[in-house]
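Subject: Structure for your files

Hello,

Here is the structure I said I would send. My notes on it follow below.

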Amino acid sequence: MATDKEKKSDQVEEISQEEEVLNEEGDTTPDQLPPPAEEPISPAKEQNWAMLAHLSILLNLFTGFLGPIVALIIYLVYKDRSRYIAYQSLQSTIFQLIVWVGVGLVIGAIWLITLALSIFLIGLLCVPFSLLATIFLLAVPLASLVYGVYAAIHCSRGEDFRYWLVGDWVRGTYETENP
């Protein structure tokens, strides 16, 4: 009489022989099945994700840098599934980088020049102007928050929103990349 181990090994051999026969006939094994097709995104979901990409600018209030990262993640996840989400999130990413990083670099450069000129006492005269420029430039990110919320409202309605200057540039580069 055959033991349980021998019966199991016989069953395993039979299964592997059946798989070989199936493979020879052209059928596929579960390992070779094509990936399931991605479900199309509903217009409501597209509007929500585009809105969230624009609202990610609010994260910059608390973290200072997380907004463009979130918008970029949304872009990377949906770039092949929805042109609308991809365009809106890429726009948001670039807009936030220009405003938040750009303004920070300009303020840093102003104060670096003021500091360098302070060695020659000219920089001391520049301090009031540097303070005024800093106050003015700090208003730009705050205004960008309002603009980002405005963009999110447009996207929540399903409208195509374009940031001033950034939107046309992104659209031109995005359309040449993805025919």
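Leu58, Leu61, Phe62 and Leu142 make a nonpolar surface patch of about 440 Å². Patch residues have over 30% relative accessible area and no salt bridge, with like charges joined within 9 Å and nonpolar side chains (Val, Leu, Ile, Met, Phe, Trp, Tyr) within 5 Å. Areas come from the Shrake-Rupley method with a 1.4 Å probe, and for residues only the protein chains shown count as cover.

This is a predicted model: local features need pLDDT of at least 70, side-chain atom pairs count only at pLDDT 80 or more, and totals for chains, interfaces and linings use all residues. Residues are numbered from 1 along each chain as its sequence is written, and side-chain values use heavy atoms, leaving out hydrogens and water.

Leu61 lies in helix H3 (residues 59–62); helices are DSSP runs (H or I, at least four residues), numbered from the N terminus. Leu61 is partly exposed at 47% relative accessible area (buried is under 20%, exposed over 50%, partly exposed in between).

Helix H6 (residues 122–156) has a kink of about 35° centred on Pro128, the bend being the angle between axes fitted to the seven residues ending there and the seven starting there. The buried residues of H6 include Leu137, Leu145 and Cys155. Just after H6, Gly158 has a positive phi of about 85°.

The structure holds one salt bridge (a side-chain nitrogen of Lys or Arg within 4 Å of a carboxyl oxygen of Asp or Glu). Arg157 and Glu159 form this pair, at 3.9 Å, N to O. Arg157 is exposed at 53%, while Glu159 is partly exposed at 30%.

Regards

Methods:
Helices (H or I, at least four residues) and strands (E, at least two) are DSSP runs, numbered from the N terminus. Buried means under 20% relative accessible area, exposed over 50%, partly exposed in between (1.4 Å probe, protein chains only).
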